[in-house]
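Dear colleague,

I am handing over the structure below for your review.

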Amino acid sequence: MDWGMKNRMSRIIRPETGKTLMLAVDHGYFMGPTSGLEDLENTLLPLLPYADVLMPTRGGLRNCVPAETDIPIMLRVSSGTSILNETHLLHEGQSVSVEDAIRLNVAGVAFSILVGQPYERDTILGMSQVVDWGERYGIPVLAVTAVGKGLGKDARYLSLASRMAAELGARIVKTYYCEDFEKVVNSCPVPIVIAGGKKMPEMDAMQMAYDALQAGAIGVDMGRNIFQAENPAAMIQSVRAIVHQNYTPQEAMELLESLKNKSE
Ligand code: 5RP
């Protein structure tokens with residue numbers, strides 16, 4: 001790995017713990033003003049001190065994140081369809097140029113591959129091209145896998161999608177948590193972070209993060225379970241304690257309650 005790639009990877013995965021807490025706020029690129037992110041700037045700014053990496057779109061970054069902010073950026077560079085697409089057939093391609101990603105000083109770029117879906121070939125070839133330029137300039141590609149309906153997101157499917165992403169050159173894989181998650185991690189030669197998915201009770205989200213880390217994930221790339229929480233700042237700090245300080249879900253819940261009480 002050359003110096004630039006190594007340096008960016010160590011900005012994404014914290015060297016002190018080998019873990020990362022990414023805050024995903026890219027939802028607007030296909031969901032519009034997602035609940036909790038209607039006011040992107042005011043929602044995310046208080047959360048930045050607790051995130052290791054921010055995952056925005058380029059519009060979100062330019063318009064809502066001050067350039068003076070010292071946080072590594074995992075830039076969303078794929079898009080192409082919205083949630084209004086009648087059959088919800090996602091079909092994404094590269095939507096940000098290399099030059100713009102470099103101009104935005106990114107630490108990495110995120111691209112969705114839609115394995116097992118009608119447009120999988122386009123997304124696989126699209127990500128491969130992005131991997132080509134990413135490797136040329138020392139920028140890691142994070143493959144987002146398993147977005148979409150009706151995929152049966154079990155260990156078999158997620159192992160297939162994650163392994164494919166790694167074989168295609170992704171340096172990090174984002175996927176969903178499932179039972180037997182060790183199988184997904186053990187068959188994937190690059191680090192895995194889990195997506196949070198739809199909002200769930202806080203305890204469940206913490207248990208999921210904890211179980212994923214126990215199974216070998218190197219962190220979370222969480223969005224809705226943080227910014228849609230009753231107290232997003234308390235939630236991100238509690239998830240952070242699981243990621244970097246090995247808190248159990250119970251300990252993290254206690255921290256959450258005490259942070260909530262303090263802020264009242
Ligand atoms: C789907 C995505 C997201 O837009 C987002 O990053 C998901 O985060 P969460 O599920 O935790 O809200 O990756 O393409």
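Of the 17 residues around the ligand, those that come nearest are Asp26, His27, Lys174, Gly197 and Gly223; a residue counts as near if one of its heavy atoms lies within 4 Å of the molecule. Please note that this is a predicted model, in which local features need pLDDT of at least 70, side-chain atom pairs count only at pLDDT 80 or more, and totals for chains, interfaces and linings use all residues. Residues are numbered from 1 along each chain as its sequence is written, and side-chain values use heavy atoms, with hydrogens and water left out.

The shell around the ligand divides into seven nonpolar, five polar and five charged residues. Here Ala, Val, Leu, Ile, Met, Phe, Trp, Tyr, Cys and Pro count as nonpolar, Asp, Glu, Lys and Arg as charged, and the others, Gly among them, as polar. Helix 2 and strand 10 (219-222) each supply at least two residues of this shell; helices (H or I, at least four residues) and strands (E, at least two) are DSSP runs, numbered from the N terminus.

From Gly223, a polar backbone atom lies 2.7 Å from a ligand oxygen atom. Of the 380 Å² of accessible area that the ligand has on its own, the protein covers 98% (Shrake-Rupley method, 1.4 Å probe).

Which space does the ligand take? The ligand takes the space of the largest pocket, given that more than half of its atoms lie within 2 Å of the pocket's grid points. On a 1 Å grid over the protein atoms alone, a pocket is an open set of points where a 1.4 Å probe fits, with protein on both sides within 12 Å along at least five of seven lines, and lining residues have an atom within 4 Å of a point.

The largest pocket has a volume of about 580 Å³, a volume being the space filled by probe spheres set on the points, which are joined across faces, edges and corners. Its lining has 25 residues, of which Phe30, Val147, Gly148, Tyr176 and Arg224 lie nearest the centre. Helix 2 (residues 28-31) gives the most to this lining, with three residues.

Yours sincerely

Terms used:
Polar contact = N/O pair within 3.5 Å; in protein donor to acceptor, adjacent residues only side chain to side chain.
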